[in-house]
Amino acid sequence: MSARYFGQNSTFLSSYRPQASVLSPIFWSNMIPVAFILYCAIKHPKRTSLYTVGIMYHVIHNLSTQESVLFPTFTQAIMTVPNASYLTWFALFIMQDTPTTVLLCTAPKIIGSSFTLMSFSTITALAVSRFITIVFGLRTGIKLSILFSVIIASPLVASVLLIHFDGSLYGNDVCQPILFFKFEHLPYYHFYAFAVPTLAVLFNLLTLLYLIQYRCRKGMKPTNTTAFDEFYVALSLFVQSFCPLITVGARAVISLNALNQYGVVIPVEVVKIIDMLGCFTVGLNALVAILFLKSFRRILIDLLPFSSREKTVEPISFTSTIVKTG
């Protein structure tokens, strides 16, 4: 039982403070596009979430644009707050090496990092929900997306307990010694970190390909907003799922390579860049939604001081979820 290490001496390392001073504002800057999406949801609900009925397809309103965008965006934003707060505290107060205990070294870092990784489960959960809804025509809804998120994230909850009560001591650039997985458990953790964003990309790709095939078969044109906007929602989610795959997934692959000693040498600079890109993931996902979805994009243009658009109520950009009726 590693609980016996909890009271052992550890040290917060001031050498990490410069990196924390860089990463902390990056994390908080992610809230800017997130705040804009929140503004759209509050000020312009009809422009970001309305439904219509296709000629041969029924539209269900339990997987709306707001749920497709707001659910993963706000969940990710909220769940990265612990890690951002920890980095901010470190940057502000750890001016020199500071004595602590193994428990206080381990708990905030592991819990904060785990919450950040858990947040990406929403992307995978939403990808699975939309795939089931659009391809198989089965009603899912936000409740099932939340259930999928909990199921996908549950191994991380178990991992936090495993680290604290059956972990080993390691050195670390933030504080040391720190508890982490025993060596034999590390490959499973890194494989999980790679699998979650990979599944999101896979399911979003399958949904996107289905919508492309559907549009080609039915002869849909860009003027048909019912199918066309649904295509851009799927395209947006597909691009969003690449962000954690590039950051979290790539970092997991690097760690697996190091553990298994495949002989592939990854430059330290590349590892640092990937780690830093990971801090942008939440903001990038929100930005992708703003740029790909016409309703959000139009609201943004209206807010720009140099916008030449007239500030009038525009036709609604409908976004729907199409479900086969037979």
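**Ground rules.** I number residues from 1 along each chain as its sequence is written, and I use heavy atoms for side-chain values, leaving out hydrogens and water. Since the model is predicted, I take local features only at pLDDT of at least 70 and side-chain atom pairs only at pLDDT 80 or more, while totals for chains, interfaces and linings use all residues.

**Entry 1, aromatic pairs.** I looked up rings of Phe, Tyr and Trp (its six-membered ring) with centres within 6.5 Å; planes under 30 degrees apart count as stacked, over 60 as edge-to-face and the rest as tilted. The structure has 14 such pairs. I noted Phe-12 and Trp-89, whose ring centres are 5.2 Å apart with planes at 75 degrees, so they are edge-to-face. Phe-12 sits in strand S1 (residues 9–12) and Trp-89 in helix H5 (residues 81–93), so this pair ties together parts 77 residues apart in sequence. Helices (H or I, at least four residues) and strands (E, at least two) are DSSP runs numbered from the N terminus.

I then checked accessibility, where buried is under 20% relative accessible area, exposed over 50% and partly exposed in between (1.4 Å probe, protein chains only). Phe-12 is buried at 7%, and Trp-89 is partly exposed at 34%. I also looked up Phe-180 and Tyr-189: their ring centres are 5.8 Å apart and their planes at 85 degrees, so this pair is edge-to-face. Phe-180 is partly exposed at 22%, as is Tyr-189 at 21%. Phe-12 and Trp-89 belong to one aromatic cluster with Tyr-16, Tyr-86 and Phe-90.

I searched for sets of buried Ala, Val, Leu, Ile, Met, Phe, Trp, Tyr and Cys residues joined through side-chain atoms within 4.5 Å. The largest core has 18 residues, and those touching the most other members include Val-34, Ile-37 and Phe-296. Helices supplying at least two residues each to this core include H2 (31–43), H4 (65–79) and H10 (225–260). H2 gives the most, with five residues. For contacts (heavy atoms within 4.5 Å), I listed Ile-37: leaving out residues up to four places away in sequence, Ile-37 touches Val-69, Phe-74, Ile-290 and Phe-296, among others.

Helix H6 (residues 102–119) has 18 residues and reaches 26 Å from first C-alpha to last, close to the 26 Å expected at 1.5 Å a residue. The expected span is 1.5 Å times one less than the number of residues. Buried residues of H6 include Cys-105, Lys-109, Gly-112 and Thr-116.
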